[in-house]
Structures are given as C-alpha cells and as structure tokens.
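I wanted the fold, the surface and a few residues.

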Amino acid sequence: MIDWGDLISKEITECSTFVGIDWRLDVQVSTDSEKKTSNPIAFIDIESHDSDTNKLKTTTYQLNKQELLNLYDNFNKIKEQINLLVAE
C-alpha cells in the first residue's frame, strides 16, 4: 500500500505552495459489448510553487481505483480534522 504522506512529503518541500490540480482517466474499452472497461487509471497532476527557487513544479501520480479511493479517504480525514479545529 502506498504511504501518501511519505510520497507527498518527498515531492513537495516545506517551501512549496499548492497551486492547482489537474486529472485525467485512461480507460481501455473493449470492442465486445459484453466486456466492461478494464483497469482504468487516474493520472493526477499536482502543481506547486517553490518559493526558494520561484519555480513551478508539476508532479504526476498514477493511481488505480483502490489507490484513488485510499487517497480520497485520506483527504476526507484531513477535511474532518480541519472542520473540528475551525469553527464555521
């Protein structure tokens, strides 16, 4: 299983600021109408700005369905923790 905290901390230094995100799905479609698509893959591009070098950096992650669900769950946990700390 991928440890997202380790992976992201290696890619985004403490001097980096989140700029944006872009994504796409790569899907293989069968010509046989009875078969479903197989192994869709999500590509997620995270763009950050490094204040030390004043440069933009784009890091691309490739995720299968389970990895994407794991990432989604982790973002929800972060959101829940922020909601507990910040009064709305």
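My entries follow, starting with the whole chain and moving on to single residues.

**Entry 1: the chain.** I noted at the start that this is a predicted model. I looked up the secondary structure. The protein chain has 2 helices and 3 strands. I then read along the sequence and wrote down the pattern α-β-β-β-α.

Entry 2: How much of the protein chain is buried? I found that buried residues make up 17% of its 88 residues. The protein chain exposes about 7400 Å². Carbon and sulfur atoms supply 53% of that area.

**Entry 3: S16.** I picked S16, which lies in strand β1. That strand covers residues 16–28. Is S16 buried or exposed? Its relative accessibility is 18%, so S16 counts as buried; the cut-off for buried is under 20%. I also listed its contacts, leaving aside neighbours within four places in sequence. S16 is in contact with S48, H49 and D50.

**Entry 4: R24 and its partners.** I searched for salt bridges and the count came to 1. Which side chains meet in it? They are those of D26 and R24, at 3.1 Å from N to O. I checked the exposure of both residues. D26 has a relative accessible area of 32%, so D26 is partly exposed. R24 is partly exposed too, with 42%. R24 has another entry in my notes. Its charged end sits over the ring of F43. The distance to the ring centre is 4.2 Å.

**Entry 5: aromatic pairs.** I searched the whole structure for aromatic pairs and found 0.

**Entry 6: a nonpolar patch.** Which residues make the patch of about 650 Å²? I wrote down F75, I78, I82, L84, L85 and V86. I followed up F75. The place of F75 is in helix α2, residues 65–85. Its relative accessibility is 45%, so F75 counts as partly exposed.

Technical notes
Residues are numbered from 1 along each chain as its sequence is written. This is a predicted model: local features need pLDDT of at least 70, side-chain atom pairs count only at pLDDT 80 or more; totals for chains, interfaces and linings use all residues. Side-chain values use heavy atoms; hydrogens and water are left out. Helices (H or I, at least four residues) and strands (E, at least two) are DSSP runs, numbered from the N terminus. Buried means under 20% relative accessible area, exposed over 50%, partly exposed in between (1.4 Å probe, protein chains only). Accessible areas come from the Shrake-Rupley method with a 1.4 Å probe; for residues, only the protein chains shown count as cover. Rings of Phe, Tyr and Trp (its six-membered ring) pair if their centres lie within 6.5 Å; planes under 30 degrees apart count as stacked, over 60 as edge-to-face and the rest as tilted. A charge sits over a ring if NZ of Lys or CZ of Arg is within 6 Å of the ring centre and within 35 degrees of the ring normal. Contact means heavy atoms within 4.5 Å. Patches are made of residues with over 30% relative accessible area and no salt bridge: like charges are joined within 9 Å, nonpolar side chains (Val, Leu, Ile, Met, Phe, Trp, Tyr) within 5 Å. A salt bridge is a side-chain nitrogen of Lys or Arg within 4 Å of a carboxyl oxygen of Asp or Glu.
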